[in-house]
Each structure stands twice: as C-alpha cells, then as structure tokens.
Amino acid sequence: MKIDFINLPKRVSNYSYLIKKKFNKIFHDSDYILGKSLREFEKKISKFTKSKYAIGVNSGYDALFLSLKCLDINYGDEVITVSNTYVATVNAIVNIGATPVFVDIANDHNIDVSKIEEKITNKTKAIICVHLTGNPCEMDKIIKIAKKNEIKIIEDCAQAIGAKFKKKHVGNFGEFGCFSLHPAKNLHVLGDGGFIITNKKDYYEKLTKLRNHGHTSRELIDSFGINSRLDSIQAAYANIMIEDYKNWQKKINRIAKLYNEKIDNKIIKPIIKPNSNHVYHNYILTTKYRDQLKNYLKKNGIETRIHYPIAIHHQKIFIKTFGKIKLPNTEKLSKEIISLPIYPELDVKKVKFIIKMINQFFSYKSKNNLN
C-alpha cells in the first residue's frame, strides 16, 4: 500500500467544473486584480473568523511583513517569536529591519509562555506567537504579558485556519491574525496566497493601501507599500474551497481522533492545552526513535515529513547574522518529531494501516528490548 503525505490532485479534480466556471467568468470580465472575487473572499473570511475586517494578500509571509509594517516596526526594534516555525515568520521580522528574539517552546511545540518576559527589553515592540500545526497558543497568558509590557501581538495563524482558543477564532486576540493559503494548508489556493484579519478600522485602511503600493486611488498614493494583492484567480478558487472547509475539517478531525485513540501510548501524541481547539494542519508524534520509525514507515509505503528538522536558530545564516543561542527544548524536539499524513482525502483504511504499522514498530522494539 502506498500512502502519500498529501494528495492535492484528487482535491482539485473534485471541483474541476466549478473552477472552470469561475475562472471563465473572470476571463470574460477581465477582472483580474482587486476585483469581485477578492471582495467576496474577504467578506467570507471575515464572517468565518468572526473578525471585522479581512485583507487578501500574496502570501502568509506578506501577511506577517505587512502587519509589522503597519505597526511601524523598524531598524533597532526587537520582535519576540519562536525558532520552531517555518522560516517565513523570521524572514518577515528580519526583512522589516527588526531583530528576532527567540523564546524556547513548551512540549506542545508552541511558545513557552513562562519564558517570554525574561526576553523582553526596552527595544521589544511585538510578539509573534505561532499557532503551530493548528494548535492554539495560550493567548490569555500572552495577552496579559503584552498588556503589562505595552507590546503588540501578531498571531501567525498560517497553519491554524479554524482553530479556536476559549471558543474564539485565533487571529482575533492580537492586532492582526496572519494566514497562509499555501496549497498544503487546510484552506488553500492553487499557488501562493494569504490574508490578514483585524478588528481595527485604521489598521484595515492602512493595510489595504500597503498591499497596493500605497495607493489611495489609481492616481494617488499616501505611503510607500508593496505589491501584495491576492489575485482574482486565487480568490475565486478560495471561494470554492471555503464552502467545503467545515466538511473537510470534520474529516481531518475524524482522522486525528483515530490517531489519538488507536496509536500506542508509548509514543507522545499532540498535547492540547485546556480551552483549545486543534485543527491538525499537521499531526505530529514525538519519539526518540523518530528516524527509525520514519524509515520503517517508508519501507511500508507510508510517506511522512519532519516539521522542522533544523530549527531556525541552528541555520547557518542565522548563526552568521545573530550568533549562537541555546533553546534546549526546541533542539530536543527537532530530533524527535515526525508528521503523519492527515488530509480529507485520506480514507479510513489507509489511516488504520498507518496506525497498525506504527504500533507494530513499537511492539517489535518493546519485545526485543531494542534502542
């Protein structure tokens, strides 16, 4: 049996008729940029996340970069975040001119809230908290720290569309929620894409200009911005996808439930804090036998991934630029994590086979006392 980590062709083929219909409408109207499809998508996302405003942009990275720019974060400023994230989080901080300051992670793979305050200085302007794999951070505690120290919160929700903390959609706790629509995400487009949500009108108005070269009209600009417009083709596809999002998420949750209940407890499964609703963009197991398990699953036709094998603070470019730092738990977990296939098109038979192979691996090790 061959099990891919993700199966995008099958998903796209299920919507081929609707895709052609919407795309042909765009071609007929020549409505390619900042058009009807984008406005429709922004309204749908705002309604879905229960936020006041949504702004479609070119990528999850651009969502972060523009949010930092909107807060006027610049050279000499510091932004707290984690090393256990996709590099886009840190690239946004570096490219705005600020310095990333890393906090170690807890065993749920999210920022260790107890270690944030010791990293705050008079240069700290913001915290970017990353809801990794769709598992919400402890936002109540982060908000308390931010208010006490008068710093802003930006939520990196790239992997967390639909996730909630205390029944509230992530992205609504800070100044901005930054989302990715990369093809691997639970809600995605056909290439790069992203969006920002906010509940403040002045931020919304500023962001709509910043994403479009600072334009207030076709002829006038009142700030220097960038080209980060979610185009009509991608927005039209996203409008199709969002209609079925809740159905997909139910399927993903069913797979996660099987993994949670049936995988042997010798291996550490996702840790979910109280009041959190995990959406399982990735399903990550933690084991000191990670490499052996990965090879065993590969031999049995099961593709897995590692998110992320080399933490950002261990990348050569980071060490060269900012020097060496130690993040013990981040470093430990980067050697022990493995991501299993989890997506709506993955049928139950294959899920049960994955579980069987994992349990078989640990049963064999246990019986033979192997390290």
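Let's start with Lys250, which you'll find in helix α9; helices here are DSSP runs of H or I with at least four residues, strands are runs of E with at least two, and both are numbered from the N terminus. Lys250 is exposed, with 53% relative accessibility. On that scale, exposed means over 50% relative accessible area, buried means under 20%, and partly exposed is in between, using a 1.4 Å probe and protein chains only. From Lys250 to Gln315 the C-alpha to C-alpha distance is 37 Å, and the two are 65 residues apart in sequence.

A quick word on what you're looking at. This is a predicted model, where local features need pLDDT of at least 70 and side-chain atom pairs count only at pLDDT 80 or more, while totals for chains, interfaces and linings use all residues. Residues are numbered from 1 along each chain as its sequence is written, and side-chain values use heavy atoms, with hydrogens and water left out.

Helix α9 (residues 245–262) also holds Tyr259, whose partner Tyr283 sits in strand β11 (residues 283–286). Rings of Phe, Tyr and Trp (its six-membered ring) pair if their centres lie within 6.5 Å; planes under 30 degrees apart count as stacked, over 60 as edge-to-face and the rest as tilted. One of the pairs is Phe41 with Phe195, which is edge-to-face, at 5.7 Å centre to centre and 80° between the planes. Phe41 belongs to helix α3 (residues 36–49) and Phe195 to strand β9 (residues 194–198), so this pair ties together parts that are 154 residues apart in sequence. Phe41 is buried at 0% relative accessibility, and Phe195 is buried too, at 1%.

Now back to Tyr259 and Tyr283: their pair is tilted, with 4.8 Å centre to centre and 55° between the planes. They link distant parts of the chain, 24 residues apart. Tyr259 is buried at 0% relative accessibility, and Tyr283 has a relative accessible area of 0%, so it counts as buried. Elsewhere, Tyr289, Tyr296, Phe361 and Phe362 make up one aromatic cluster.

The charged end of Arg11 sits over the ring of Trp248, 4.9 Å from its centre (NZ of Lys or CZ of Arg has to be within 6 Å of the ring centre and within 35 degrees of the ring normal). Lys168 does likewise with Phe173, its charged end 4.8 Å from the ring centre.

Next, have a look at Asn282, in the loop between β10 (276–277) and β11. Asn282 is buried, at 5% relative accessible area. Leaving aside residues up to four places away in sequence, Asn282 touches Phe5, Thr133, Gln159, His307, Ser339 and Ile342, where contact means heavy atoms within 4.5 Å.

Finally, the cysteines. A disulfide is a covalent bond between the sulfur atoms of two cysteines, and the cut-off for a pair of sulfur atoms is within 2.5 Å. How many disulfides does a search of the whole structure find? It finds zero. Cys70 is in none, since the nearest cysteine sulfur, that of Cys178, is 10 Å away. Cys70 is buried, with a relative accessible area of 4%. As for Cys129, its sulfur is 4.9 Å from the closest cysteine sulfur, in Cys137, so they are too far apart for a bond. Cys129 is buried as well, at 1% relative accessible area.
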